[in-house]
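Below is what I looked up, in the order I went through it.

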Amino acid sequence: MATTAKAAGRGPLGRAAGQIYAHIVGWGMAVPDRVMTNDDLSAIVETSDEWIQSRTGIRERHIASDKESTATLGLRAAQNALDVADVQPTDIDLIICATSTAEHAFPATASLIQAWLGAGNAGAFDLSAACSGFVYAVQMAAQAIRSGSAQVALVIGAETMSRVIDWQDRGTCILFGDGAGAVVLRASEAPGGVLSAILRSDGGGGDLLGIPAFGSLDIDGVTAISNGHKFGKMHMNGAEVFKFATRVVGESIQQATQQAGIQVSDLKLIVPHQANARILQSVARSLKLNESMFMSNIDRYGNTSAASIPIALCEAVQAGRIQADDYIAFVGFGGGLSWAAMVLQWGQPQPASSSFINRQRRQFSYRLAALRTGLLRASRSLTGDRTDSRSEEKAPEPGSRARSERPPFQ
Ligand SMILES: CC(C)(COP(=O)(O)OP(=O)(O)OC[C@H]1O[C@@H](n2cnc3c(N)ncnc32)[C@H](O)[C@@H]1OP(=O)(O)O)[C@@H](O)C(=O)NCCC(=O)NCCS
């Protein structure tokens with residue numbers, strides 16, 4: 001069926017000409033320079049490189065410095081994605097940042113990134129669906145594009161998991177890392193792009209994986225603990241999450257391919273959330289697929305939650321594992337419980353190389369945005385509104401790593 005649809009120059013759903021499709025036209029990633037190996041971890045908790053590698057497939061992860069934050073990593077990933085797409089910040093209509101480690105309850109991390117990019121025509125919001133967040137966000141952006149309400153959307157998955165990890169808990173701290181990935185989606189009349197999406201949730205399993213926050217019944221106060229959970233720190237029932245993941249990943253990939261009108265065997269590559277290499281091995285067995293069908297880079301990054309799929313996507317494209325017209329799938333799962341799978345038909349033959357002038361225009365936009373933020377703050381300060389000037393995020397210099405408020409291991 002897939003071959004017939006391709007030959008006819010139509011998407012697998014057989015949509016008519018004139019229909020708007022949402023294509024990924026840019027991709028970018030950013031990870032902190034600092035690498036923490038399993039041996040480094042064994043100096044913090046009782047564990048070993050052998051245990052971590054054999055149970056999870058993870059060798060090392062990247063950890064944010066005190067100059068980096070969710071928004072600064074997201075900003076760098078977004079700038080890289082805009083370069084590949086050769087899109088100017090003012091052309092963006094919508095920015096969605098999927099994250100569980102937002103800079104604030106509000107303003108949205110997406111709003112900080114919007115200001116730093118100088119994306120003055122964009123709406124921006126954060127999306128909370130834990131490790132499924134990126135797939136949810138791509139679907140929201142694709143819907144906005146298909147409905148005609150947006151032409152260009154920027155979707156970011158960004159996390160500083162190191163700041164919500166309980167570094168005394170060896171069952172969780174070995175798994176996670178920091179990083180960000182981003183994609184630019186653009187409206188096109190060419191069939192393809194996002195073809196289907198399965199978004200699911202089972203809040204009944206919410207207690208298996210979570211981070212108590214403000215407004216939570218889970219805690220008695222900011223530091224007090226009522227059930228072993230700690231404010232702002234992740235808790236997880238690893239064995240139960242493992243069982244949940246192996247069940248829903250295969251199931252949702254099958255549903256998403258069915259919705260797209262193709263077979264699982266038509267997929268060229270599956271870009272899954274990177275949680276545990278053993279989960280992917282188990283899913284590959286259940287779908288009777290070769291393990292190489294699953295993009296995996298968990299050994300170098302660990303679980304970067306909402307950032308893991310766009311980071312893996314970038315590396316898959318760079319490695320030449322995705323070509324024009326290929327059918328690929330994203331699949332995410334995690335806190336909520338939530339899970340999501342999506343099928344896309346890749347439309348971009350080669351990464352578009354930005355012209356020198358367009359790159360310079362983007363750099364100018366970033367500098368202008370920083371200047372504007374600085375001027376706004378200075379003017380508020382002059383008029384005596386000190387609350388604003390103290391609490392606002394400072395725009396990072398283009399190419400620099402901005403500050404964050406907390407050290408990574410508190
Ligand atoms: C967390 C996880 C790696 C644990 O692996 P596991 O094989 O289930 O291990 P268990 O929890 O059964 O623990 C086995 C033993 O190893 C010990 N152990 C746990 N963590 C350890 C560590 N980091 N180093 C050494 N030993 C450890 C346990 O205490 C237990 O010891 P015991 O047998 O003496 O009681 C695994 O359950 C997992 O990956 N789950 C999914 C988590 C996930 O993906 N979360 C994110 C979803 S988005």
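**Entry 1: Leu-289 and its loop**

I started at Leu-289, which sits in the loop between α9 (277-286) and α10 (298-301). For these labels I took helices (H or I, at least four residues) and strands (E, at least two) as DSSP runs, numbered from the N terminus. This is a predicted model, so I kept in mind that local features need pLDDT of at least 70 and side-chain atom pairs count only at pLDDT 80 or more, while totals for chains, interfaces and linings use all residues. Residues are numbered from 1 along each chain as its sequence is written.

Lys-288 is not a glycine, yet its phi is positive at about 55 degrees. Lys-288 counts as exposed because it has 9 C-beta neighbours inside 10 Å.

**Entry 2: α9 itself**

Which residues of α9 are buried? I noted Ile-279, Leu-280 and Val-283. They are on the same side of α9 because they cover an arc of only 95 degrees around the axis, the arc being that of the directions from the helix axis to the C-beta atoms. As a reminder to myself, an α-helix has 3.6 residues a turn, so residues three or four places apart point the same way. The buried residues of α9 pack against α8 and β11 (267-272).

**Entry 3: the ligand shell**

Next I went to the ligand, which 18 residues surround. The closest are Thr-47, Arg-170, Gly-238, Ala-275 and Gly-334. Here "near" means that a residue's C-beta atom, placed from the backbone, lies within 6 Å of the molecule. The elements giving two or more residues to this shell are α3 (49-56), α7 (170-173) and α8 (238-260). Which of them gives the largest share? It is α8, with five residues.

By class I have nine nonpolar, seven polar and two charged residues in the shell. Nonpolar here means Ala, Val, Leu, Ile, Met, Phe, Trp, Tyr, Cys and Pro; Asp, Glu, Lys and Arg are charged, and the others, Gly among them, are polar.

**Entry 4: the core**

The protein chain has 13 helices and 13 strands, and 50% of its 410 residues count as buried. The largest nonpolar core holds 126 residues, of which Ala-141, Val-155 and Met-342 touch the most other members. Such a core is a set of buried Ala, Val, Leu, Ile, Met, Phe, Trp, Tyr and Cys residues joined through C-beta atoms within 7 Å. Helix α6 (residues 133-146) supplies the largest share of this core, 10 residues.

I listed the contacts of Val-155, leaving aside neighbours within four places in sequence: among them are Ile-96, Phe-134, Ala-141 and Leu-185. A contact means that two C-beta atoms, placed from the backbone, lie within 7 Å.

Then I looked at Ala-180 in strand β7 (residues 178-188). Ala-180 is buried because it has 33 C-beta neighbours inside 10 Å. The C-alpha atoms of Ala-180 and Ala-30 are separated by 5.3 Å, although these residues are 150 residues apart along the chain.

I found a cis peptide bond joining Phe-106 and Pro-107, with omega about 0 degrees. Pro-107 is in the loop between β4 (94-98) and α5 (109-117). Another cis peptide bond joins Gly-336 and Leu-337, with omega about -15 degrees. Leu-337 is in the loop between β12 (327-334) and β13 (338-345).

**Entry 5: confidence**

Last, I checked pLDDT, the predictor's confidence in each residue, from 0 to 100. The protein chain averages 89, and 86% of the residues score at least 70. Over residues 388-392 the pLDDT is below 50, and this stretch has five contacts beyond near neighbours in sequence. Residues 401-410 are also below 50, with 24 such contacts in the model.

Note on methods: A residue is buried if 20 or more other C-beta atoms lie within 10 Å of its own, exposed if 12 or fewer, and partly exposed in between; C-beta atoms are placed from the backbone.
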